[in-house]
Amino acid sequence: MAEAAKVLFEPHGKVGIIRLNDPEALNAMSLAMAEDLSKVLDQAFAESRALVLTGEGRGFCAGAKMVAGETIPLDVTGRPDMGAGLESHINPILLRLRDAPIPWISAVRGPAAGVGCSLALAADLIIASETASFIQAFSRVGLAPDGGASWLLSRAIGRTRAMEMMLLGETVRAPQALAWGLINRIASDADLDQSALEVALRLADGPASLSLIRRAAWYGADASFEQALAHEREGQRVAGQTADHAEGVMAFLEKRPAQFAGA
């Protein structure tokens with residue numbers, strides 16, 4: 001019997017839903033899952049105007065999947081290199097998600113730990129269920145943060161709270177995450193998928209400039225004020241030449257809802 005795909009893709013009209021699919025392991029990220037995710041992203045970006053990333057079952061992603069007896073790559077000195085899989089598999093996915101041509105949402109149910117936490121927090125919008133929890137547990141096993149956690153956390157909740165999560169490895173549950181500004185919204189477990197889909201459908205009906213908006217936000221996180229101004233100026237040039245801008249202006253003048261085509 002063929003092994004089930006570790007990542008599933010479900011089209012819902014203009015929205016694509018990606019599900020990490022190893023529920024027995026709380027969707028812990030293996031290299032095989034990372035490879036499947038990279039392939040599914042190709043399809044999602046080509047076919048969808050907005051994306052939801054979630055996990056099958058009761059967990060979003062419980063970090064890296066540790067397999068007994070698994071061979072660990074060695075560095076040039078012959079010692080274990082725990083960062084090799086990051087370089088070959090995980091980091092390219094995080095960069096692709098940062099540079100996504102469409103807006104995307106993470107829908108987090110249950111634990112988002114380690115690299116799973118990073119994957120959740122890299123989204124443009126983060127919707128968590130009441131049972132969601134965010135954990136940087138690297139200190140518990142003598143490792144350092146990965147998946148962009150040091151960057152994502154510091155910019156989302158500030159250096160001191162990021163330090164608290166990374167140094168102490170304590171669980172941050174959904175209400176605290178919302179109060180800290182780590183996530184955007186909380187939904188019940190039963191309503192999480194529908195809540196994320198409804199927001200994604202709103203994004204999918206939006207103008208082509210949503211892609212420029214999300215890029216501007218990523219760029220501005222590290223840019224100087226002068227650089228951000230210049231980046232915004234170029235973005236406005238591109239947005240102003242789209243059919244969606246023309247439709248938006250016409251709809252405003254005609255006092256009707258705009259019908260954007262994403263172009």
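This is a chat about one predicted protein model and what its structure shows.

User: What should I know before I read the numbers?
Analyst: This is a predicted model, in which local features need pLDDT of at least 70, side-chain atom pairs count only at pLDDT 80 or more, and totals for chains, interfaces and linings use all residues. Residues are numbered from 1 along each chain as its sequence is written, and side-chain values use heavy atoms, with hydrogens and water left out.

User: OK, how many helices and strands does the protein chain have?
Analyst: The protein chain has 10 helices and 9 strands. Helices (H or I, at least four residues) and strands (E, at least two) are DSSP runs, numbered from the N terminus.

User: How compact is the protein chain?
Analyst: Its radius of gyration is 19 Å, close to the 18 Å that the globule rule gives for 263 residues, so the protein chain is as compact as a globular protein of that length. That radius is taken over C-alpha atoms, and the globule rule is 2.2 Å times the number of residues to the power 0.38. The C-alpha trace spans about 65 × 50 × 40 Å along its principal axes.

User: And what share of the residues is buried?
Analyst: Buried residues make up 41% of the 263 residues. Buried means under 20% relative accessible area, exposed means over 50%, and partly exposed is in between (1.4 Å probe, protein chains only).

User: Let's look at E4. Is strand E4 enclosed or exposed?
Analyst: In strand E4 (residues 104-108), 5 of the 5 residues are buried, so E4 is largely enclosed by the rest of the structure. Trp104, Ser106 and Val108 point one way, while Ile105 and Ala107 point the other way.

User: Which strands pair with E4?
Analyst: Strand E3 (residues 50-55) runs parallel to E4 and is joined to it by 4 bridges. Strand E6 (residues 125-129) also pairs with E4 in the parallel sense, over 4 bridges. Two strands pair if DSSP finds at least two bridges between them.

User: Which residues face each other there?
Analyst: Leu51 stands opposite Trp104 in E4. The bridge partner of Val108 is Ala128 in E6.

User: What about the sheet with E5 in it?
Analyst: It is an open sheet of 3 strands in the order E5-E7-E8, with mixed pairing. The edge strands are E5 (111-113) and E8 (172-173), each of which pairs on one side only. E5 and E7 (residues 133-135) run parallel and are joined by 3 bridges. Ala112 has Phe134 in E7 as its bridge partner.

User: New topic: helix H9. How far does H9 reach?
Analyst: H9 (residues 225-240) has 16 residues and reaches 22 Å from its first C-alpha to its last, close to the 22 Å expected at 1.5 Å a residue. The expected span is 1.5 Å times one less than the number of residues.

User: Which residues of H9 are buried?
Analyst: They are Ala228, Gly235 and Ala239. Seen down the axis of H9, the buried residues fall within an arc of 35°, so they line one face of the helix. The arc is that of the directions from the helix axis to the C-beta atoms. Glu226 and Arg233, on the other side of H9, are exposed.

User: What covers the buried ones?
Analyst: The cover includes helix H8 (209-220) and helix H10 (243-253).

User: Last one: where is Met29?
Analyst: Met29 is in the loop between strand E2 (15-20) and helix H1 (31-47). At 8% relative accessibility, Met29 counts as buried. Beyond its neighbours within four places in sequence, its contacts (heavy atoms within 4.5 Å) include Leu20, Cys61, Ile90 and Leu119.
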